[in-house]
Amino acid sequence: MSQLALYRAWRPQTFDEVVAQKQVVFPLKQAVISGDIGHAYLFAGTRGTGKTSMAKIFAKAVNCLHPEDGNPCNTCAICQGINSGALLDVMEIDAASHNSVDNIRRLTDEVMFMPSEARYKVYIIDEVHMLSQGAFNALLKTLEEPPAHVIFILATTEVQRIPATILSRCQRFEFRRIPLEDIFQRLQAIAQADHIDITDEALMLMARLGDGALRDAISLLDQAQAGIKGQIGEAEVLNLAGLVQDEFLADFCQQVLNADLSATLALIEELQMSGRDLQRFLQDFLRYLRDILVVGLGGDSHKLLTESPEGLKRLQDLARLTTSQDIMAMLGRLSELNNDLRWSTDPRTSLELAFIGEIARRQAQATPRSEAKPSPRPEAQATPRPEAQAGPRPEAQAWVPAPVLAASDPDVFAGNQSAPGKREELTPAEKDVDAPAEKEPPRPAEPAKVEPGSEPPAPADQPEPSSTADHAGDEGAPAPISWNQVLDGLRARGRYDVILLIRPAQVSWEQNKLMIRYEQQHKAHAAALQRPENQEVLLDAVYELSQAKGLDRPKLQVELAGEAVSGDNLNPEEPVWVQKLRKASAQFQVPFDPADVKPPAVGGPAEAWSDQPFQQFSDR
């Protein structure tokens, strides 16, 4: 027979031998002493914490012929039969491979038979969360009301996957992770009993690698004694597990904190060539950063860390090279990398890029502002844009100004000026008319008022206005109204369609009239803007600003390459329904007098009755 594994040879045989699970041992032991035995138990906890071992001990204790203070004697025929697996009344079932409905139905049929030798028939179902939904349903009724001679013990590492109907029918016991010191003492006892030559540092490393699972730590000890000749030290255990020493982690961390890129990449090359698992290295590095953070924040090093005095001093030296904020930020970024590294096709490149980014951040933080000289942008040599010549405008950063205005003064209507240069790109909201309007940023100060007949002040480093604007006279005097504010008014009304219609046009201000001129290729835009509802909303946005400055409601005129566009230009003195009637009268050649038609209601919304007079006129 092959050699028995250490974790099987040293499996606890009584309640007193169980390591660090007093919260489970005490109630089960008292139940055996008092004879108050339940019909279903659920053992939940992480792997390697003793769930299956506890189930077998409990199965022996309830059936033992000579129990000793609740513990099985391990000498009677029942205990020896359970230890050897020869007793058929205690069955251990692996739910991962027996998870179908047929397997559970066969089990529920067998529980009806009386035990052959023992007092109770005990069914230990390991990894019970692997059962299918149908298997759980088949087990449900039997688990709720089993025969008096049957005990179910369910063991699982993922209790959240078990249906609530199953949980409510079991006595639940939680198995905790085993403390590091308890694992170390157990490994030390095994090593002494089996005459394994191993140092305490190596045992402590194994206990730490077990991560609360005693079985994993014992398995590592078994592997070490089989694969290492002579004394087993910490370095041998690290090589066996494919890990790096803390000295390497300290050197690597120091190079990163010192922003030494070449040394960091050289250490990653050393890791790659030595065959180490890069993801495991990253996990160890995260643990080492955590230790530095604990030391830097003044935590209790004796309780929170498992370092030697030399290692603790090295952690303190590294903590002085940085701040806790930097360590926490680095922990957050590298933790995200740890989640992504398992899916990476090239882990080495991903690891190198991550640490190059960390080093670049530290170099940027260490560079004084006075020494930081950014390289000139390529476009700095080119001719600056008109917007840049006009000086910084916070409003232009959030709202793209209309391209129809003169480049010399993009904030103010300029008389008889055409739109030079290329147009800016659309805002995201203007690309999609149905998109919601963005939140309006703080507005800059209003431009200085300009007296009628005078020219607006030219900003510094700005070219002189064109000759047309210089001699505009009274008719070409600019109005003190911000075009960006007009666009904001249209955005507030949700009329991005009107903004898009105006975009290819040339806008100017003549006395109290807003002139919008289109080229021939934009004839469709001009015709769409001629619709009364589009003109109204544009004039409302302009009038809202001009009214605050004491100006009358402006008029609107749309032109197409010097020719008037076929359609109606709004006259502020006439409502929309009157203009519709005028148009219809010309079409049907019917005389029309506005005095003959009166709206049916006064004060109501125009949209509710503006078409009714037209209907009356058509009936006539």
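Visitor: Which residue in β7 is the bridge partner of Val507?
Guide: The bridge partner of Val507 is Ile516. By the way, this is a predicted model.

Visitor: What makes β6 and β7 count as a pair?
Guide: Strands pair if at least two bridges are found between them. Strand β6 (residues 506-510) and strand β7 (residues 513-518) have five bridges, in the antiparallel sense, so they count as paired. The two strands also form a hairpin with two residues between them. In that turn, Gln511 has a positive phi of about 55°.

Visitor: In which sense do β7 and β8 pair?
Guide: Strand β8 (residues 555-560) pairs with β7 in the parallel sense, over six bridges. Within this pairing, Lys513 stands opposite Lys555 in β8.

Visitor: Why is Ala505 called buried?
Guide: Buried means a relative accessible area under 20%. Ala505 has 2%, so the word applies. You'll find Ala505 in the loop between α24 (496-502) and β6. Its C-alpha atom is 9.6 Å from that of Glu559, although the two residues are 54 apart along the chain.

Visitor: Is Asp69 buried or exposed?
Guide: Exposed means over 50% relative accessible area. Asp69 has 56%, so Asp69 is exposed.

Visitor: What about Ala259, buried or exposed?
Guide: The relative accessible area of Ala259 is 17%. The cut-off for buried is under 20%, so Ala259 is buried. Ala259 also has a positive phi, about 60°, although it is not a glycine. Look for Ala259 in the loop between α12 and α13.

Visitor: How do you know that α12 has the span expected for a helix?
Guide: Helix α12 (residues 246-257) has twelve residues. The expected span is 1.5 Å times one less than the number of residues, which comes to 16 Å here. From first C-alpha to last, α12 reaches 16 Å, close to that expectation.

Visitor: Which residues of α12 are buried?
Guide: They are Asp246, Phe248, Leu249, Ala250, Phe252, Cys253, Val256 and Leu257.

Visitor: And what covers the buried residues of α12?
Guide: The cover includes α9 (200-210), α13 (261-273), α14 (278-296), α16 (309-319), α17 (324-341) and α18 (347-366).

Visitor: How are two packed helices described?
Guide: By the angle between their axes and the distance between the axes. Take α9 and helix α11 (residues 234-241): their axes come within 8 Å and cross at roughly 30°.

Visitor: Which residues of α9 and α11 meet?
Guide: Glu201, Ala202, Leu205, Met206 and Leu209 in α9 meet Glu234, Val237, Leu238 and Ala241 in α11. By class, that makes seven nonpolar, no polar and two charged residues.

Visitor: In what order do the strands of the open sheet come?
Guide: Five strands form this sheet in the order β2-β3-β4-β1-β5, and the pairing is parallel.

Visitor: Why do we say that β2 and β5 stand at the edges?
Guide: β2 (90-94) and β5 (171-175) each have a single partner strand, so one side of each is left without a neighbour in the sheet. Neighbouring strands here are turned by 15° against each other on average, direction ignored.

Visitor: How many bridges join β1 to β5?
Guide: Five bridges join strand β1 (residues 40-45) to β5. That passes the cut-off of at least two bridges, so they pair. In β5, Phe173 is the bridge partner of Phe43.

Visitor: Which helices lie across strands of this sheet?
Guide: Among them are α2 and α6. Helix α2 (residues 22-34) lies across β1 and β5, at about 145° to β5. Helix α6 (residues 133-144) lies across β1, β3 (121-126) and β4 (150-156), at about 130° to β4.

Visitor: How many helices and strands are in the protein chain?
Guide: The chain has 29 helices and nine strands. Of its 620 residues, 42% are buried.

Visitor: What share of contacts joins residues at least 24 apart?
Guide: Among contacts between residues at least 6 apart in sequence, the share is 72%.

Technical notes
Residues are numbered from 1 along each chain as its sequence is written. This is a predicted model: local features need pLDDT of at least 70, side-chain atom pairs count only at pLDDT 80 or more; totals for chains, interfaces and linings use all residues. Side-chain values use heavy atoms; hydrogens and water are left out. Helices (H or I, at least four residues) and strands (E, at least two) are DSSP runs, numbered from the N terminus. Buried means under 20% relative accessible area, exposed over 50%, partly exposed in between (1.4 Å probe, protein chains only). Contact means heavy atoms within 4.5 Å. Axes are lines fitted to C-alpha atoms, for helices over the stretch in contact, and angles run from 0 to 180 degrees between N-to-C directions. Ala, Val, Leu, Ile, Met, Phe, Trp, Tyr, Cys and Pro count as nonpolar, Asp, Glu, Lys and Arg as charged, and the others, Gly among them, as polar.
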